Amino acid sequence: LQSISVPVLVELHFEINSRALFTHPFMLEYNQVNPAAIRRVCHSAVSELSLSSKDVLFSELEVSNHPAMYFVMSGKVMYHKRLASPKYFQNGTQLVEAALWTKWTHCGTLCASTETK
């Protein structure tokens, strides 16, 4: 990909990553207001993460050095909070949005129940 120009890479990343981002109402609306900015987000702030079954994405009381919001694109994850029943999330679920806007401490543990992206 080194011989591809940056503007073409930006468009390529937009085509690949916007599908996930646009499941979130704010991102969809932001694209209407500032499409150039959403393209930069897709190019430089979105990455794909694959989890195997039982992989832990974050743990209770963890504070990330790199705050992130997660979009479950395939598979299933389980969120467990102390003294509560586990909750399961699948395709189309958005998790931990608050970490983008606040100093966030995770209140529970999220792990993959299946192979997950």
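User: Is Trp 101 buried or exposed?
Analyst: This is a predicted model. In it, Trp 101 has a relative accessible area of 53%. The cut-off for exposed is over 50%, so Trp 101 counts as exposed.

User: And how exposed is Phe 26?
Analyst: Phe 26 is partly exposed, at 40% relative accessibility.

User: What do Phe 26 and Trp 101 form?
Analyst: They form an aromatic pair, and it is edge-to-face. The ring centres of Phe 26 and Trp 101 are 5.9 Å apart, with 80° between the planes.

User: Which helices does that pair tie together?
Analyst: Phe 26 lies in helix H2, and Trp 101 lies in helix H4, residues 98-101. So the pair ties together parts that are 75 residues apart in sequence.

User: Which residues make up the cluster there?
Analyst: Phe 26, Tyr 30 and Trp 101 are linked by ring pairs.

User: How many aromatic pairs are there in the whole structure?
Analyst: A search finds 5. One of them joins Phe 14 and Phe 22, with ring centres 6.0 Å apart. Their planes are at 70°, so this pair is edge-to-face.

User: Why edge-to-face?
Analyst: Because the planes of Phe 14 and Phe 22 are at 70°, and over 60 degrees counts as edge-to-face.

User: How accessible are Phe 14 and Phe 22?
Analyst: Phe 14 is buried, at 8% relative accessibility. Phe 22 is partly exposed, at 22%.

User: What sits over the ring of Phe 14?
Analyst: The charged end of Arg 39, 3.8 Å from the ring centre. In another case, the charged end of Lys 76 sits over the ring of Tyr 88, 5.1 Å from its centre.

User: New topic. Which residues of H1 are buried?
Analyst: Leu 9, Val 10, Phe 14, Asn 17, Ser 18, Ala 20 and Leu 21.

User: What covers them?
Analyst: The cover includes helix H2 (25-33), helix H3 (35-44) and strand S2 (70-71).

User: Why do residues three or four places apart point the same way in an α-helix?
Analyst: Because an α-helix has 3.6 residues a turn.

User: Where is the kink in H1 centred?
Analyst: On Glu 15. Helix H1 covers residues 6-21, and the kink is about 35°.

User: Back to Asn 17. Why does it count as buried?
Analyst: Because its relative accessibility is 14%, and buried means under 20%.

User: What is Asn 17 in contact with?
Analyst: Cys 42 and Val 46, leaving aside neighbours within four places in sequence.

Terms used:
Residues numbered from 1 in each chain as written. Predicted model: local features only at pLDDT ≥ 70, side-chain atom pairs only at ≥ 80, totals over all residues. Heavy atoms only, no water. Bend = angle between axes of the 7 residues up to and from the residue. Helix = DSSP H or I, 4+ residues; strand = E, 2+ residues; numbered from the N terminus. Buried < 20%, exposed > 50% of the residue type's maximum accessible area, 1.4 Å probe, protein only. Contact = heavy atoms within 4.5 Å. Phe/Tyr/Trp six-rings, centres within 6.5 Å; stacked < 30°, edge-to-face > 60°. Lys NZ or Arg CZ within 6 Å of the ring centre and 35° of its normal.
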